[in-house]
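Hi,

Here is the model I promised to pass on to you. Have a look at it first, and then read on for what I found in it.

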Amino acid sequence: MDDYLTDEQTVFDVEDVNKIIKDTLETVIGENSYKHSRVNQWSTNVVEQCLLRLSKLGKPYKYIVNCFIMQKNGAGQQTATSCFWDNSSDGSCMVKWEKDSMYVQVSVFGLAI
Amino acid sequence: MEEYSSGDDVNLFFYINTVIKSSIVSLLKFCIEGVIGGTDYNQNKINQWTASIVEHSLTHLVKLGRPFKYIVNCSVMQKSGAGLHTANSCYWDTTTDGSCTVRWENRTMYCVVSVFAVAM
């Protein structure tokens with residue numbers, strides 16, 4: 001007999017993921033200013049902690065977390081993403097976070113197994 | 001009933017990580033060059049350029065005909081001395097899924113394209 005999965009488990013919950021990302025950013029970066037020596041550690045910590053919390057949701061999903069941190073310097077920047085997946089079960093969530101000294105963008109992609 | 005051999009998974013894994021990865025890298029470079037090769041950073045066109053890069057890359061990847069879901073991410077940044085950091089982390093099946101990142105630059109901009117391939 002096949003396992004029965006509720007609709008709840010096979011839909012990518014954007015709100016939950018949004019909350020996880022925001023909490024992680026507050027915890028890891030918080031009120032700090034852009035520092036070249038620490039940015040590497042911040043971006044690594046953000047993706048690792050997001051992934052840990054996402055896997056704890058216990059949903060049958062594979063996750064990809066992308067974190068982008070850019071110093072505010074007047075430079076222009078543009079990002080585009082394109083996905084080839086199953087629209088009914090897969091989804092993404094993007095959080096843009098702006099501080100005085102930097103821009104942070106975190107994207108989470110969830111693909112149903 | 002089909003016969004299953006565990007050797008097949010290992011061969012597929014090897015194939016994915018060597019043969020396909022190198023062809024994806026060349027494919028991405030080709031797509032980037034085709035769209036922004038020989039141009040300077042232009043704020044009016046950048047939106048269109050990044051969209052073209054991801055669309056062309058995805059179209060070519062799908063044409064490979066492999067049983068994968070794809071995510072293509074492209075970032076273009078103007079060269080002006082600002083610091084930039086990107087990190088990716090993935091929670092997937094390491095035997096069948098993989099990713100590939102290509103960095104490209106010219107006189108006025110940096111371009112980073114990442115492809116994530118997840119087995120269906």
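Between chain A and chain B there are 2 salt bridges, in what is a predicted model. One of them links B:Lys69 to A:Asp90, with 2.9 Å between the closest N and O atoms. A:Lys62 and B:Asp97 also form a salt bridge, and here the closest N and O atoms are 2.8 Å apart. A:Lys62 sits in strand β1 of chain A and B:Asp97 in the loop between β2 and β3 (98-105) of chain B, so this pair joins two chains. Over all chains, the structure holds 8 salt bridges.

The side of chain A that touches chain B draws at least two residues from each of α2, β1, β2 (77-84) and β4 of chain A. Which of them gives the most to that side? It is β1(A), with 11 residues. Sorted by class, that side of chain A has 20 nonpolar, 14 polar and 3 charged residues.

As for the extent of the interface, 37 residues of chain A are in contact with 38 residues of chain B. The buried area between the two chains comes to about 3,200 Å², and carbon and sulfur atoms give 57% of it. On the chain A side, the residues that lose the most area to chain B are A:Lys62, A:Gln78 and A:Phe84, which together make up 22% of what that side buries.

One open sheet has 4 strands in the order β3(A)-β4(A)-β1(A)-β2(B), with antiparallel pairing. Its edge strands, each pairing on one side only, are β3 (91-98) of chain A and β2 (84-91) of chain B. Neighbouring strands in this sheet are turned against each other by 10 degrees on average, direction ignored. Helix α1 (residues 14-28) of chain A packs on the sheet, where it touches β3 and β4 of chain A, and its direction makes about 35 degrees with that of β3(A). Helix α2 (residues 36-56) of chain A lies across β1 and β4 of chain A together with β2 of chain B, at about 155 degrees to β1(A).

Within this sheet, β1 (residues 61-71) and β4 (residues 102-112) of chain A pair in the antiparallel sense over 11 bridges, and A:Cys67 stands opposite A:Val106 there. Across the chain boundary, β1(A) and β2(B) are antiparallel over 8 bridges, with A:Phe68 opposite B:Thr86.

What is the strand order in the other open sheet of 4 strands? It runs β2(A)-β1(B)-β4(B)-β3(B), again with antiparallel pairing. Here β2 of chain A and β3 of chain B are the edge strands, and the twist averages 10 degrees from one strand to the next. β3(B) pairs with β4 (residues 109-119) of chain B over 8 bridges in the antiparallel sense, and B:Trp104 has B:Cys111 in β4(B) as its bridge partner. Helix α2 (residues 46-63) of chain B lies across β2 of chain A together with β1 (68-78) and β4 of chain B, running at about 155 degrees to β1(B).

Happy browsing, and let me know what you think!

Best wishes

Key: Residues are numbered from 1 along each chain as its sequence is written. Chains are lettered from A and ligands numbered from 1 in the order in which they are written. This is a predicted model: local features need pLDDT of at least 70, side-chain atom pairs count only at pLDDT 80 or more; totals for chains, interfaces and linings use all residues. Side-chain values use heavy atoms; hydrogens and water are left out. Two strands pair if DSSP finds at least two bridges between them. Axes are lines fitted to C-alpha atoms, for helices over the stretch in contact, and angles run from 0 to 180 degrees between N-to-C directions. Contact means heavy atoms within 4.5 Å. Buried area is the accessible area (1.4 Å probe) that two parts lose on being put together, summed over both. A salt bridge is a side-chain nitrogen of Lys or Arg within 4 Å of a carboxyl oxygen of Asp or Glu. Ala, Val, Leu, Ile, Met, Phe, Trp, Tyr, Cys and Pro count as nonpolar, Asp, Glu, Lys and Arg as charged, and the others, Gly among them, as polar.
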